[in-house]
Amino acid sequence: MITRKRLAAGVCGLLAAMGVALLPTPATAGEPDAKPSPKVELTLDVSGSMRARDIDGQSRMAAAKQAFNEVLDAVPQDVQLGIRTLGANYRGEDRKVGCKDTRQLYPVGPLDRTEAKTAVATLTPTGWTPIGPALLGAAQDLKGGDGTRRIVLITDGEDTCAPLDPCQVARDIAAQGIHLTVDTLGLLPDAKTRKQLSCIAEATGGTYTSVQHTKQLRDRVHQLVERAADPVVTPVPAEGSRQCADAPKLKPGLYTDREKFAEHRWYRVDVRPGQELRAAVSIGADRAVNNDYGVLLRASTVHGREIVRGAEAGDGRTDVISSGLRYPKAPMDAPDGAEEAPAETVCLQVSNSFSAPASVRTDPGMPVELSVDLVDGPSDASDAASFGLGHGWWLLGALTLAGLVAGLLWGWISRWRVTVWRTN
Amino acid sequence: MRTVRILTTAVLAGAGLLGLAGGAHADSATPSPSASESTGAAGPTEAGTSFRTATAVKPDQPATADASTGDYLYWVLPVDVAQRATVKAKVTLPPAASRHGAATWRLDVYDGLRRRQACTYGTQSRSAAADAGTVELSCTLRTVRSWAEPWANDPLPGSYYVRLTVVDLPQEDLGQPVHTEVEASVADQGGAQAVDGSLAAPLVPGAGSATAKADDAGSSPRPAAMAEPDGGWSSGRWNDRWLWTAAGGALAALAGIAGYRATRGSGRPARIPPGA
């Protein structure tokens with residue numbers, strides 16, 4: 001196998017050398033100074049119930065403070081972190097006032113650890129649990145910039161401020177297309193709290209954790225803050241239209257959109273001859289949906305002829321359902337008078353077969369992530385086997401037999417010729 | 001007798017050639033232990049939560065992640081032509097005392113175009129009893145080919161996403177801490193599945209836009225899914241069919257010589273008197 005390895009190494013070396021010589025490497029694109037810094041807001045419930053002393057023998061508030069202190073010490077350099085409280089100030093019984101009680105404790109920005117810790121230390125469990133308004137406030141705090149945004153919501157009880165449903169609030173925030181994720185942590189949650197918090201997480205593509213111990217709280221918050229610091233491609237908002245004719249033209253890239261149940265969204269991509277279109281779509285199930293669902297991504301010509309499709313169906317619990325397609329356009333010679341052959345406009349249709357019980361709101365639509373890519377076309381197969389080469393014992397047997405027969409024939413013919421020559 | 005000897009020689013020579021081909025196959029199928037040890041030490045300890053944020057892993061590199069029950073955990077690994085990937089996952093469940101019933105865990109594998117890939121072997125989905133401590137899942141993909149028709153979803157070289165999640169559980173158990181371990185291994189299948197044709201770029205998200213975007217420095221960071229196999233993507237041109245075919249050609253030549261000589265007997269026509 002030495003030959004093979006050497007060959008491979010040689011080819012790789014050559015390719016690498018060519019790559020270095022010809023192309024600026026993509027790795028340079030992610031320089032830290034050019035990267036938009038991710039923003040995180042820790043949103044802490046400081047309602048009266050946080051006084052309960054049931055996490056590792058200390059109060060929920062003390063556990064949260066301890067966790068915050070340790071997390072603040074380890075926040076990655078480039079993360080902009082803020083802290084917001086809910087229910088920290090109003091002691092009274094008036095629900096209307098209590099439900100507006102959310103305040104930014106520490107502004108989102110480069111972190112001054114001492115200042116942030118001092119601010120956290122002053123908190124005492126006080127009032128109501130206005131999760132919805134707190135989420136709205138947090139989304140406001142995180143405005144601006146292109147980086148990812150993350151809200152880490154820590155609470156021990158469900159929202160007491162109906163009719164504003166925090167789950168719907170979260171979905172509306174996520175639908176603004178600002179790459180916002182809400183991760184929720186419930187401190188010893190009851191059934192209602194769990195349902196509400198997991199609904200908020202589901203609505204924004206976040207995670208839900210049920211916390212029983214201080215260490216668990218600290219590790220999880222730390223993990224979520226670290227996660228925010230990971231570099232990630234942020235998709236560009238696009239709005240697909242109802243038919244292909246007026247659909248937006250997409251260049252290669254990653255796009256987000258929203259699609260309601262049974263809605264169709266169209267996009268257009270220009271594919272030049274000799275190029276291959278690659279498209280992938282994911283539709284997120286960000287709300288309670290019926291058990292069976294599917295997605296269809298279809299590429300068709302502007303005249304409506306289907307070229308190729310990608311479809312997928314599934315059932316049960318899921319975050320997204322996705323599918324993809326490839327469409328290599330055959331190379332074509334440029335027509336007379338033109339420099340290159342004209343590009344073909346390919347219509348991409350995204351549709352879904354999600355459904356939901358009547359009680360579920362359909363607006364805003366479910367999140368769609370569409371990735372469009374154009375690469376050079378493949379070198380097509382001229383034979384089923386690689387270069388038409390053979391493989392296996394039957395091939396050897398057949399070739400050997402053929403060789404033997406050829407040798408025998410050759411020998412007999414030459415012997416016969418010698419005999420004929422000798423007799424003459 | 002001479003004929004027999006010649007034929008035996010030919011067959012032995014052929015077998016020698018074949019030994020080369022067969023050895024090649026065996027060599028590449030078993031990754032050297034030292035390589036797997038050195039890469040295995042530094043496996044990632046976090047997992048992504050979506051296709052976009054999937055954590056890159058290498059074959060034979062164990063990845064671990066602490067998560068909450070109900071999280072969707074994503075990893076991504078590069079798989080090249082002629083490789084057959086096997087993904088194994090082990091989930092350490094929260095203590096049985098804090099759980100309320102059986103939970104079903106599931107391992108899904110998607111290709112670079114986010115198309116779900118079929119598992120040919122392995123338990124992709126398993127239900128853990130209420131008192132079980134761990135769940136083990138595995139999925140063996142089909143052998144990756146260098147080319148497929150656009151209408152097929154045959155596995156092609158590129159990124160493969162692994163998604164691990166719980167699909168069915170009592171609602172009370174959501175959000176409890178779990179520990180997951182995922183390890184993918186690839187076995188080289190040799191040329192048996194080698195097809196003609198090849199893709200211009202592996203099925204990696206952003207393969208086409210990566211070079212175009214490299215010019216403007218402020219563009220989005222390089223996605224983790226763009227990781228390459230050790231030594232880069234293979235061209236797909238080399239496979240052991242070349243050896244088989246060459247060996248066949250050599251055997252045919254030897255057999256031809258043997259056949260030719262067999263027609264000549266001892267080398268002198270019998271009716272010519274000795275010394276003539």
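Predicted model: local features only at pLDDT ≥ 70, side-chain atom pairs only at ≥ 80, totals over all residues.
Colleague: Start with chain A. What makes α2(A) and α4(A) roughly antiparallel?

Modeller: Look at the crossing angle. The axes of α2 (residues 60-73) and α4 (residues 113-121) of chain A cross at roughly 175°. Angles over 145 degrees count as roughly antiparallel. The two helices are therefore roughly antiparallel to each other. Their axes come within 10 Å.

Colleague: Which residues of α2(A) and α4(A) meet?

Modeller: From α2(A) come Lys65(A), Phe68(A), Asn69(A), Leu72(A) and Asp73(A). They meet Arg113(A), Ala116(A), Lys117(A), Val120(A) and Ala121(A) in α4(A). By class, that contact has five nonpolar, one polar and four charged residues.

Colleague: What makes α6(A) mostly covered?

Modeller: Count the buried residues. A residue is buried if 20 or more other C-beta atoms lie within 10 Å of its own. Seven of the 10 residues of α6(A) are buried, so under that cut-off the helix is mostly covered. The buried ones are Pro166(A), Cys167(A), Val169(A), Ala170(A), Arg171(A), Ile173(A) and Ala174(A).

Colleague: What covers the buried residues of α6(A)?

Modeller: The cover includes α5 (131-141), β5 (180-187) and α7 of chain A. Just after α6(A), Gly177(A) takes a positive phi of about 70°.

Colleague: How do you know that domain 1 of chain A touches domain 2 of chain A?

Modeller: The domain assignment of chain A gives domain 1 (39-229) and domain 2 (235-376). Two residues are in contact if their C-beta atoms lie within 7 Å. By that cut-off, eight residues of domain 1 of chain A are in contact with nine residues of domain 2 of chain A. The centres of the two domains, taken over C-alpha atoms, are separated by 36 Å.

Colleague: Which element gives the most to the side of domain 1 of chain A that touches domain 2 of chain A?

Modeller: That is α6(A), with four residues. Both α6 (166-175) and α7 (191-204) of chain A supply at least two residues of that side. The residues of this side of domain 1 of chain A divide into two nonpolar, three polar and three charged.

Colleague: How do you know that β11(A) and β12(A) pair?

Modeller: Count the bridges. Two strands pair if there are at least two bridges between them. β11 (residues 292-301) and β12 (residues 306-315) of chain A have nine, in the antiparallel sense.

Colleague: How many bridges join β11(A) to β14(A)?

Modeller: Seven bridges join β11(A) to β14 (residues 344-352) of chain A, and the strands run antiparallel. Here Arg298(A) has Gln349(A) in β14(A) as its bridge partner.

Colleague: Now chain B. Why do β2 and β8 of chain B stand at the edges?

Modeller: Read the order of the strands. Four of them form an open sheet, β2-β10-β4-β8 (chain B), with antiparallel pairing. β2 (63-68) and β8 (134-140) of chain B each have a single partner strand, so one side of each is left without a neighbour in the sheet. Neighbouring strands of this sheet are turned by 20° against each other on average, direction ignored. In the pairing of β4 (residues 83-92) with β10 (residues 177-188) of chain B there are 10 bridges. Ala89(B) stands opposite Val182(B) in β10(B).

Colleague: Is Arg114(B) buried or exposed?

Modeller: Compare its count with the cut-off of 20. Arg114(B) has 25 C-beta neighbours inside 10 Å, so it counts as buried. Arg114(B) lies in the loop between β5 (103-110) and β6 (116-117) of chain B. Its phi is positive, about 60°, although it is not a glycine.

Colleague: And what makes Phe387(A) partly exposed?

Modeller: Buried needs 20 or more, and exposed needs 12 or fewer. Phe387(A) has 16 other C-beta atoms within 10 Å, so it is partly exposed. Phe387(A) is found in the loop between β15 and α9 (393-423) of chain A. Phe387(A) also has a positive phi, of about 55°, and is not a glycine. Most residues other than glycine have a negative phi.

Note on methods
Residues numbered from 1 in each chain as written. Chains lettered and ligands numbered in written order. Axes fitted to C-alpha atoms, helices over the stretch in contact; angles between N-to-C directions. Domains from an automatic or database assignment. Nonpolar A, V, L, I, M, F, W, Y, C, P; charged D, E, K, R; others polar. Parallel < 35°, antiparallel > 145°, perpendicular 65-115°, else oblique.
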